[in-house]
Amino acid sequence: MAKVVCVLYDDPVDGYPKRYARDGLPKLERYPGGQTLPTPDAIDFEPGVLLGSVSGELGLRKFVEGAGHSLVVTSDKDGPGSMFERELVDAEIVISQPFWPAYLTEKRIAKAGRLRLAITAGIGSDHVDLQAAIERGITVAEVTYCNSISVSEHVVMMILGLVRNYIPSYQWVVDGGWNIADCVARSYDVEGMQIGTVGAGRIGAAVLRRLKPFDVKLHYTDRHRLPEIVEKELGLTFHETAADMVPVCDVVTINAPLHPETENLFDAAMIAKMKRGAYLVNTARGKICNRDAVARALESGQLAGYAGDVWFPQPAPKDHPWRSMPHHGMTPHVSGSSLSAQARYAAGTREILECWFAGRPIREEYLIVDGGKLAGAGAHSYSAGDATRGSEEAARFKR
């Protein structure tokens, strides 16, 4: 019998939903590019319901227990006395979401003598110390592509929200005002702007495609250059490095994974290379941007706006400066956890578990670490190392 520990975010404050705004979801067959959606043998949930919170259990309990294994589900994940840390000691499998990450640090991995598989229900496995997983022979897998389009839609929304000054304008209405001058004094058109993405993988490429109809000039940097036919189709300008790209951009969006090469990439020096009054959007990982440098750049006017839904650590402490800095459009980490995305990452998590329990290979594109090395999507997108340092600060969040 395997013990599966699943860490999920809390239920809504008013309780688990009894009714939803919409009935069901549009039916998708494939992702752009042809990769199939998750293909588990079956699912025990209705697509379109809340699966990512504790009561949703990713729709896994019937399957896991029916296969003779045990399932522990908790949102209590931070600090030495947390339920996650207590249950981790004899767990074989840990499931976690990027939105409420169960940080698998080297110290925690050392305590988890039976741990064999760490699954990210979503994409982005930087909450696992990948170097420690490599050294311990732990398999790390994620549901590649499951919420890439979800995040790309969120990026476009945030770019428009910042440039058009949407959030403050909405607030004037809520407060009973009609302050047009206050609203438009920081409002611009996106049309004609230079917009660049750091990272042009599944999310970054989808962002570029969605921005092209806005009649903007598009730029990108990535360790893997896109095919020439794609560059011509989208009118892209390639830059070897982020430092080369950011000086020409009015808007920069970050769509790269977090690993030692991208950690703290947007520090004070990088932000100083950007145009004065540029906008920065980060739905990738909070640790790619230097926390204090971003806040200072907004206060000085070097940045006209910063938006994102990724923080470090997660959840962010109540005194995190990104909560109170000016001209921001921050949200909790929600871009990849829409009800639509949840149906896909829950199904993908089950697919991975079915393969593991049956001794079948996990899809190559789902693998991050396998056989003591980076593998699959991990070998393409990550570098070995540890990006979990400092995650203990999440214990300071008071719910």
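Predicted model: local features only at pLDDT ≥ 70, side-chain atom pairs only at ≥ 80, totals over all residues.
Residues are numbered from 1 along each chain as its sequence is written, and side-chain values use heavy atoms, with hydrogens and water left out.

**Stop 1: cysteines**

A disulfide is a covalent bond between the sulfur atoms of two cysteines. The cut-off used here is a pair of cysteine sulfur atoms within 2.5 Å. Searching the whole structure gives 0 disulfides. Now select Cys289, which is in no disulfide; its nearest cysteine sulfur belongs to Cys249, 14 Å away. Cys289 is buried, at 4% relative accessibility.

**Stop 2: salt bridges**

A salt bridge is a side-chain nitrogen of Lys or Arg within 4 Å of a carboxyl oxygen of Asp or Glu. The count is 24. Arg350 lies in helix α13 (residues 339–358) and Asp44 in the loop between β1 (3–7) and α1 (61–66), so the pair ties together parts 306 residues apart in sequence. Helices (H or I, at least four residues) and strands (E, at least two) are DSSP runs, numbered from the N terminus. Arg350 is buried at 8% relative accessibility, while Asp44 is partly exposed at 34%.

Next, pick Glu65 and Arg61. Their side chains meet in a salt bridge at 2.7 Å, N to O. Both sit in helix α1, 4 residues apart, about one turn of the helix.

**Stop 3: a loop**

Go to Lys77. This residue is buried, at 2% relative accessible area, and forms a salt bridge with Asp78 (closest N and O atoms 2.9 Å apart). Then select Ser82, in the loop between β2 (70–74) and α2 (83–88). Ser82 is buried too, at 2% relative accessibility. Leaving out residues up to four places away in sequence, Ser82 touches Asp76, Lys77 and Arg108. Touching means heavy atoms within 4.5 Å.

**Last stop: helix α6**

Finish at Tyr170, in helix α6 (residues 166–174). Tyr170 is partly exposed, with a relative accessible area of 45%.

Notes: Buried < 20%, exposed > 50% of the residue type's maximum accessible area, 1.4 Å probe, protein only.
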